[in-house]
Amino acid sequence: TLYAAERGAGRIVALPDTDGDGRADAVRPFAAALEQPHSLAWHEGALYVGVPSGVVRLTDTDGNGMAEGGETIVGDLPPGGAHTTRTVLFLPDGRMVVSVGSSCNVCVEADPRRAAILVYDDASGANGRLFATGLRNAVGLAVQPGTGELWATNNGRDFMGDDLPPETVYVIRDGGRYGWPACHAGDIPDPEFGGPGACDGMEQPVVEMQAHTAPWGLTFYTGDAFPEAYRDDLFIALHGSWNRPEPVGYEVVRVPLDNGIVAGPGEAFATGWLDAGGAVSGRPVGLAVGPDGALYVSDDRGGFIYRIAYDSQEG
């Protein structure tokens, strides 16, 4: 069963595929009356949901396919502002991390929990603290298989031109500083908040992409249905530009890895949501690898979830 968050409807839906034909048999409400739910993380039998103010835990105690109620685990995160998604994820040691975007395009935040990733001791939401700072809007989080490292997408600032700063992916280190608002992409001082030395000591991205493509979803390919060359590679959902004269993004890209290290630039993997005339039919958001080895992609413009599978007979 695939679970999806519907931000506009304020609910979580379950999409079962009991006959294994690659299509959902039904759309079943799992939980409702949630505040703009964005991300989902299963942990020890419960579903943790990122909402603007924090994290809600949902449980289905009687097994009827619907959550009996929501429990607020974290409820004090700063709401509102330019970036309201909250992404929740569990590290291999059981600690919970939550990403919080900036309140603005570029500014000095009054609340240090903005433009940051927070970490909590466990699933109870205890002892929250800053894990990484200077990430303008880290919507996509994923743990790399094998290494256990936390990787994140980061959406760069606007109004520095059509091609600056690049969108980025970082390996997130405890205590790491990632630059915003003074430094972008590890080595580009901000024209307003930067200056000499603005990028000194800042973490460097492992992936750079076209500016304004808006990387959101992030996942490593952990299945075995795709060809060997795709195993453990990184996939990124590019939500697409909103203020660039020539639209960019609106696709899923694959970043090849070699022994866990980035081995080349991102390359188009799934396209077609942006036509040659600039018309947009879809905006990829979330990514998930199913137990069938297929890649599932959510689209918040068209309202679809796509299943991308490999047909060995087609090559």
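1. With -85 degrees about the S-S bond, the link between Cys 104 and Cys 107 is left-handed. In this predicted model, the sulfur atoms of Cys 104 and Cys 107 are joined at an S to S distance of 2.0 Å. Cys 104 has 15% relative accessibility and therefore counts as buried; Cys 107, at 16%, is likewise buried.

2. The structure holds 2 disulfides. The other joins Cys 183 to Cys 199, with S to S 2.2 Å, and is right-handed, at 105 degrees about the S-S bond. This pair links distant parts of the chain, 16 residues apart: Cys 183 lies in strand β16 (residues 183-184), and Cys 199 in the loop between β17 (188-189) and β18 (207-209). Both Cys 183 and Cys 199 are buried. Counting bonded cysteines along the chain, the pattern is 1-2, 3-4.

3. An open sheet of 4 strands, paired antiparallel, runs in the order β4-β5-β6-β7. Its edges are β4 (39-43) and β7 (69-74); each has a single partner strand, so one side of each lacks a neighbour in the sheet. From one strand to the next, the twist averages 30 degrees. Antiparallel pairing of β4 with β5 (residues 46-51) extends over 5 bridges, and Ser 39 stands opposite Gly 50 in β5.

4. Ala 132 belongs to strand β11 (residues 129-133). Its relative accessibility is 1%, so Ala 132 counts as buried. Beyond its neighbours within four places in sequence, Ala 132 is in contact with Ala 116, Ile 117, Ile 172, Arg 173, Gly 176 and Tyr 178. The C-alpha atoms of Ala 132 and Leu 218 are separated by 18 Å, the two residues being 86 residues apart along the chain.

Key: Residues numbered from 1 in each chain as written. Predicted model: local features only at pLDDT ≥ 70, side-chain atom pairs only at ≥ 80, totals over all residues. Heavy atoms only, no water. Helix = DSSP H or I, 4+ residues; strand = E, 2+ residues; numbered from the N terminus. Buried < 20%, exposed > 50% of the residue type's maximum accessible area, 1.4 Å probe, protein only. Contact = heavy atoms within 4.5 Å. Pairing = 2+ DSSP bridges. Axes fitted to C-alpha atoms, helices over the stretch in contact; angles between N-to-C directions. Disulfide = S-S within 2.5 Å.
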